[in-house]
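These are my notes from a first look through a structure.

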Amino acid sequence: MNNPLLRGLTQSRYSRRDALRFAGYSAAGLALAACGVQGQKAAAPSPSAVADFWSTQKKNGRVVFANWPEYMPEDQAPLKQFQQATGISYEYKEVIQENAEFFGKSEPQLRAGQPLGYDIIVMTNGLQLGKMIQLGYLTALDHKQLPNFAANAGASYKNPAYDANNTYTIPYQAGVTGIAYNTKYVDEDITSIQSLFDKKYEGKVGMMADAQEVGNFGMFAVGVDPDKSTQADWEKAAAKLKEQRDQGIVRKYYAQDYIDAVAKGDVWLSQAWSGDVFQRQLAGEPVKFVVPQEGGTIWIDNMAIPKGAANPVDALMLMDFLYKPEIAAELTAYIQYVTPVNGVQQILAGKSDEDSKALAESSLIFPTEADYAKLRPYRTLTNAEEPVYNGLFQTITQG
Amino acid sequence: MRRWTPYWLALPAWLWLAIFLVVPIAAMASVSLTTGNLIDGFTQTFSVSNYSDAIAKYSTQLVRSLVYGGVATVIMLVLGYPVAYWIAFKAGHRKSMFLFLLLLPFFVSFVLRTISWGFLLADDGILLGTLKGWGVLPQDFHVLATTVAVIGGLVYNFLPFMILPIYVALERVDPRVIEASYDLYASRLSTFRRVVLPLSLPGVFAGVLMTFVPATADPINAQVLGGTSNTMIGNIVQTEYLVNNDYPTASAISFTLMAVLLIGIFIYARALGTENVLEAAAR
Amino acid sequence: MPEDVPAIELDGVVKEYLAHGETVQAVKGVSLTIGEGEFFSLLGPSGCGKTTTMRMIAGFEEPTKGLVKLLGQDVTNVPPNKRDINMVFQSYALFPHMNVWENVAFGLRRKKVAEAEIKQRVGDILEIVDLTGREKRRPREMSGGQQQRVALARALVNRPRALLLDEPLGALDLKLRQQMQTELKRIQREVGITFVYVTHDQSEALTMSDRIAVMNDGLVEQLADPREIYERPASKFVAGFIGTSNLLSGTVDAVDGDLLVVRLGEHDRILVPGQAAAGDTVDLTVRPEKITISTERPEAGLSMVQGTVGELTYLGTYNSYAVALADGTEITVFQQNAIDSSTTAERGDTVWLSWRPQHSYTLS
């Protein structure tokens, strides 16, 4: 059976998370103790402390991997190979549906010093991951034990702004936020972000509800690099987005179900994640994806070891194992997002089946250098900036 | 010894309520009076500014939620009462089948049902696409991403909770009382107005409570079916809690909503003469 | 029975139901006439069609065939709210959400009677049913007897052409029931309205009615005044249903003028008025209190049978004997507990039973 096609026909990876997102959040708040909550802000550990920690850890022969749904081939072949190669038995759990919800559920437990029961977790760079780092909920990694990462990680995936020197995280998969459009309704080639602000698409434009996603595009539209943006830039971007909204150009701010709307023609063009679009293309739907010339967003799902994990050494070994190009190629063939591992494109191009070749040729999976030059990460926000930033853009998306 | 038995038997229920209702509410009340952020911690300041800030910032969404919830409730009442009446008095021995049909959608999850609504009502979907093809509707007509869609979704999702209690109340009306009314020169209309309707009021009361409260607080319909200006207070709570981790603001909004709903219910109960209603219901 | 136009007339009324795909005849053809101011009872066991008959009079059911007339007017297809008839329901069917006053005023308000008159009439009727001062009570705060009287007042206040009462006393205990029987009769005399009373209680019907229609299996078995129903039951069913009856069966030996001579056993000789030929088998009935029990052979000219005393029951004002005849038939005899009672028989005694010929009837 053609897995990617089947998944493309069913639903995108993100919209499936919908069903579970509502369950978590009552638990999050209720676990808060009354009478204030102690801050847990933690300073980065000294290199010697990190070395001391790792020197006391040893391989236990077990590892528990918590990941998102649809983020591992169904036969779990990469993990099986890991087990064969190392003798470490694994447990794989698809328990993460959404960053905010996962953070909300884990935060009280981690604050209380209880282990989550996972040795590896996967979180997108963004507010929640930033909080995990700031609150000291992640274990600093021992890069001496990550030779494959050192050797094979793409240059853009090393030393990211949100985690200097990959102290706590290494990328698992990445994705690009650009513009998806339905060629049945849009008869021009979209190249500019200004198309999202074009009056002629009134009521047919989808934007994302997430403050980071929508904020980035607002900044691209006013010619600001999000990475270097100031509060004044945010205000300018917000004004641009507010105008877009008030003119009735935006139909809806989507949490995650935008791709169905594009495919059905409810919106003609929308902010979109590359992997979702690629799956639709494989399913034969008239959806195109473009990184606008003004810029697109790159986001990264990262592996990390939560504080208190029982098998950190085994976790490190698995994380590093996934940086072997042939293993990473298996992941990419199934997941179809952007891989942070060098050499995957060549491996896929060398395969005999059509799907692999199509993947190797897709700029959605393997952005070109020119694409990378246009891509910007989410703005990393300080504690003081976060409410200001969120407030500005949520006022627009939650009017 | 034995006279204590009822107390012992009731104990688990009381503990349940205490642990899962009172404690969280108390904790939430406490959190709503703190200031700070997740990273630096929240301190108990007993400052009510969380409330005034939240109300100032989100009054639009709060009022909108109450309006949507109210309008949806009125529509549900208007649609649901005749259905309940029909099942109670006209469905004969097929009653249980119709009740089952009514509950059938509930075997599918709330979110999925709402999403399937989105599918059904797509701009060029089976419904609108067909009508547009016939030229009945203009090409740019759409239902999704409008107030109508959100309220329609609320009505659809909560309608059975309106119908069931009204049905139960109507079912309990002694048919001889209705005959007595006919016998005493009342027309069908006047029998309905003077006898059936008043006797079903406990059901209407329960139905309104069971729909207005969750409809007002619901985030899903607005999120899935709404557009740019349909955000409801439930969505705000969700964002404040999950995205912003601003627990004090989220708690303050929740409490504000709770207070507004309780006051609304109280006024409504007074207007309807709860004492009688509840007495009649207890009969 | 007063003449001129009858209050209620049923003409060949049939009611069929569809039950589980089969047509069931609840009423198989009832014709009767109820006069103005009459206290008329429909009496019979449950399922005999009496309630259906009454509901057709009220208008809750439409007859499958036949006509219903009120004061000479055909109302067969007129709905209940347009019929000048009111009903007192079994278990009263009071409006639970209204107090006594509102319950009673309900019909007048629907008829748009002026408020002042309503006040007057409701006050009056509450006085008649002895409920003055309880206007503000809710039905559930009242006893069964009081609710009964509210139901009565609620119907009577409208001064209907006729009042239908469906087992109105069924829910009351014995003492209250007897009290209400008298009360109902008094009220009926006071207001002078035609009462149609449905009951399965024969003593209630006999006590209160001017006339009784005894119904069985969808048909009227006998329509007569209580005395005639009791004394001269027209059928085996009526005889069995009303009071205690002795049913005897024998062959006609001879015809002696108006009287048939019926022989049961060797010494038995029963004289009974009737039409039959010698050799016919006839059923006849005689009430237990009409029979004299004695150890000596009775005088000629009386019906007489011989038997053996079985059970003897002391019932206060009278004794009840169960006497077995030679052919096994058991006859019940009531004997007044008089001071000069000389003929007290004991269990096992052979006795003579005798009665006057005119106290027994042949049955169809």
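How many salt bridges does the rule find across the interface of chain B and chain C? I found one there, taking a salt bridge as a side-chain nitrogen of Lys or Arg within 4 Å of a carboxyl oxygen of Asp or Glu. I looked up a pair that joins these chains: the side chains of Arg55(C) and Glu179(B) meet in a salt bridge at 2.5 Å, N to O.

Before going on I noted the ground rules. The model is predicted, so local features need pLDDT of at least 70 and side-chain atom pairs count only at pLDDT 80 or more, while totals for chains, interfaces and linings use all residues. Residues are numbered from 1 along each chain as its sequence is written, chains are lettered from A and ligands numbered from 1 in the order in which they are written, and side-chain values use heavy atoms, with hydrogens and water left out.

**Entry: chain B against chain C**

I counted 19 residues of chain B in contact with 27 residues of chain C; contact means heavy atoms within 4.5 Å. Chain B and chain C bury about 2,000 Å² between them, 59% of it on carbon and sulfur atoms. Buried area here is the accessible area (1.4 Å probe) that two parts lose on being put together, summed over both. On the chain B side, Asp183(B), Leu184(B) and Tyr185(B) lose the most area to chain C, together 38% of what that side buries.

I then listed polar contacts (pairs of N or O atoms within 3.5 Å; within protein, one must be able to donate a hydrogen and the other to accept it, and residues adjacent in sequence count only if both atoms are side-chain atoms). Eight residue pairs between chain B and chain C are in polar contact, both residues at pLDDT 80 or more. Three helices of chain B, α7 (175-183), α8 (188-217) and α12 (274-282), each supply at least two residues of the side that touches chain C. Helices are DSSP runs of H or I with at least four residues, strands are runs of E with at least two, and both are numbered from the N terminus. With seven residues, α7(B) gives the most to that side.

**Entry: two sheets in chain C**

I traced an open sheet of four strands in chain C, in the order β2-β1-β4-β5, with antiparallel pairing; two strands pair if DSSP finds at least two bridges between them. Its edge strands, β2 (22-34) and β5 (73-74) of chain C, each pair on one side only. Five bridges join β1 (8-19) and β4 (65-70) of chain C, and Val14(C) has Lys65(C) in β4(C) as its bridge partner.

Another open sheet of chain C has five strands in the order β15-β19-β16-β17-β18, also antiparallel. At its edges I found β15 (292-294) and β18 (330-336) of chain C. Strand β17 (318-325) of chain C is joined to β18(C) by seven bridges, and Ala322(C) stands opposite Thr332(C) in β18(C).

The Thr86(A) side chain reaches the backbone oxygen of Phe82(A) at 2.7 Å. Leaving aside neighbours within four places in sequence, Thr86(A) is in contact with Lys59(A) and Met317(A).

The side chains of Glu107(A) and Arg111(A) meet in a salt bridge at 2.8 Å, N to O. Glu107(A) and Arg111(A) are separated by about one helical turn because they are four residues apart in helix α5 (99-111) of chain A.
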